[in-house]
Amino acid sequence: MPFQKINENNKLHINLSYGALTIIRNDMDCFQVKHRSTFINQIIANYKQEAEASISISSEAYQAELEGKLTKSGMKNLENKKEFVDMMVGEHTRTIKEKIKNYGKEKGFKIRLNESNIKYLCGEDSDCRENIYYDACSAYVKAILEEYCRKDFVEREMVYAKELFDQIGEAIVMERWVEVTFVSGEKVKIKPYAITTDPLSMYHYVIGYENVMGVDGKREKRSFSCRIANLKRVRRMKKQAFISARDKKKLDSEIRSKGAQFMCEDVIRCTVRFTDMGIRLYNRMLHLRPIAVEISEDGHIYTFECSQKQIEFYIFKFGGEAEVLSPEFLRDKFREKYQAAVNVYNS
């Protein structure tokens with residue numbers, strides 16, 4: 001039996017922990033969502049079937065898994081099997097309820113549920129049975145959100161952008177072109193090859209090929225990489241998108257050597273002199289860090305072979321603790337950017 005109807009305006013009052021609220025704010029910025037109700041409605045819709053907080057679904061799945069393991073191990077005729085399974089499922093349920101009870105209640109706000117979520121949570125024909133475990137619909141929604149917010153970002157990304165992951169994954173299996181629409185509104189048609197993460201597993205990227213206009217006026221194939229969070233929608237096309245074994249190997253090589261986020265960039269060779277503090281920072285700051293191919297005997301001059309963009313993103317934040325020695329054009333660019341920053345503070 002579903003929850004009782006909330007109110008005429010479908011507004012729900014939720015009380016979240018400060019940590020969960022901070023995660024939601026950050027994720028809204030990352031996924032470029034303006035309205036909190038819009039964001040939360042999508043989390044509920046995409047996560048309700050997989051969340052532990054959906055105790056009725058979670059307990060049934062756990063019971064099926066347990067019975068499957070007993071059967072596989074040859075213990076399907078175990079004496080008192082039902083009592084054993086019931087005991088284990090009961091413990092599973094109690095563990096989830098204890099976890100939910102410990103979520104903080106520190107910041108309250110209201111959201112408006114959309115019609116789809118209202119139909120599932122409160123509709124007369126809904127198969128939602130979570131009211132068995134929760135006193136109110138708001139408590140159930142809170143539990144889903146708190147659980148979502150305790151996941152790593154790459155896991156949360158798969159929840160929020162579930163439809164994009166599913167559509168791209170299907171296109172890869174079916175070997176079809178897709179048209180991706182960026183949040184900016186720009187559209188690009190690509191042959192999708194894989195969805196992967198950067199080396200530190202911080203973000204997901206869709207990898208593949210796109211056809212672009214070459215300098216000779218002819219269409220040519222070019223590697224494609226884009227963060228999933230920068231996509232608004234994906235449309236699978238009927239056109240076949242075969243990628244040869246050779247081209248797949250090339251993409252794999254680019255992912256390994258440059259990382260998913262920089263695989264479409266040209267590689268440059270550059271040298272950087274670090275201070276003692278700069279070396280300590282380099283050893284600690286792992287995000288976007290290029291790997292040195294050479295280090296001088298005194299341990300202060302590092303040589304990198306990576307994209308210009310990676311060096312700019314990573315080294316610029318070192319300030320005076322790192323100095324770009326070569327190439328000259330990159331050294332000039334750093335000088336200009338630092339001087340522009342000084343001018344701002346001197347104005």
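**Close-ups of a predicted model**

Ser56 is buried, at 5% relative accessible area (buried means under 20% relative accessible area, exposed over 50%, and partly exposed in between, with a 1.4 Å probe and protein chains only). This is a predicted model, where local features need pLDDT of at least 70 and side-chain atom pairs count only at pLDDT 80 or more, while totals for chains, interfaces and linings use all residues. Residues are numbered from 1 along each chain as its sequence is written, and side-chain values use heavy atoms, with hydrogens and water left out.

**View 1. Ser56 and its partners.** You'll find Ser56 in helix H3, residues 55–72 (helices, H or I with at least four residues, and strands, E with at least two, are DSSP runs numbered from the N terminus). Setting aside neighbours within four places in sequence, Ser56 is in contact with Arg129, Glu130 and Tyr133; contact means heavy atoms within 4.5 Å. With Glu130, the side chain of Ser56 makes a polar contact of 2.3 Å. (A polar contact is a pair of N or O atoms within 3.5 Å; within protein, one must be able to donate a hydrogen and the other to accept it, and residues adjacent in sequence count only if both atoms are side-chain atoms.)

**View 2. Helix H3 against helix H4.** Two packed helices are described by the angle between their axes and the distance between the axes. Here the axes of H3 and H4 come within 10 Å and cross at roughly 145°. (Axes are lines fitted to C-alpha atoms, for helices over the stretch in contact, and angles run from 0 to 180 degrees between N-to-C directions.) On the H3 side, the contact includes Ile55, Tyr62 and Leu66, and on the H4 side it includes Phe84, Met88 and Lys97. Sorted by class, the residues of this contact are 10 nonpolar, 5 polar and 3 charged. (Ala, Val, Leu, Ile, Met, Phe, Trp, Tyr, Cys and Pro count as nonpolar, Asp, Glu, Lys and Arg as charged, and the others, Gly among them, as polar.)

**View 3. Lys97 on helix H4.** Lys97 lies in H4 and is partly exposed, with a relative accessible area of 42%. Not counting residues up to four places away in sequence, Lys97 touches Ile55 and Tyr133.

**View 4. The largest nonpolar core.** This core has 44 residues, and Phe39, Leu121 and Tyr148 touch the most other members. (A nonpolar core is a set of buried Ala, Val, Leu, Ile, Met, Phe, Trp, Tyr and Cys residues joined through side-chain atoms within 4.5 Å.) Among the elements giving two or more residues to it are strand E1 (11–16), helix H1 (18–30) and helix H2 (36–47). H6 gives the most, with 8 residues. Zoom in on Leu121: leaving aside neighbours within four places in sequence, its contacts include Pro2, Phe3 and Tyr140.

**View 5. Ile24 in helix H1.** Ile24 sits in H1 and counts as buried at 1% relative accessibility. Ile24 and Tyr148 are 124 residues apart in sequence, but 9.3 Å apart in space, C-alpha to C-alpha. Apart from neighbours within four places in sequence, Ile24 is in contact with Leu16, Phe39 and Cys149.

**View 6. Helix H11 meets helix H12.** The axes of H11 (residues 308–315) and H12 (residues 328–346) come within 12 Å and cross at roughly 35°. From H11, the residues making the contact are Gln308, Ile311, Glu312 and Ile315, while H12's include Phe329, Leu330 and Tyr338.
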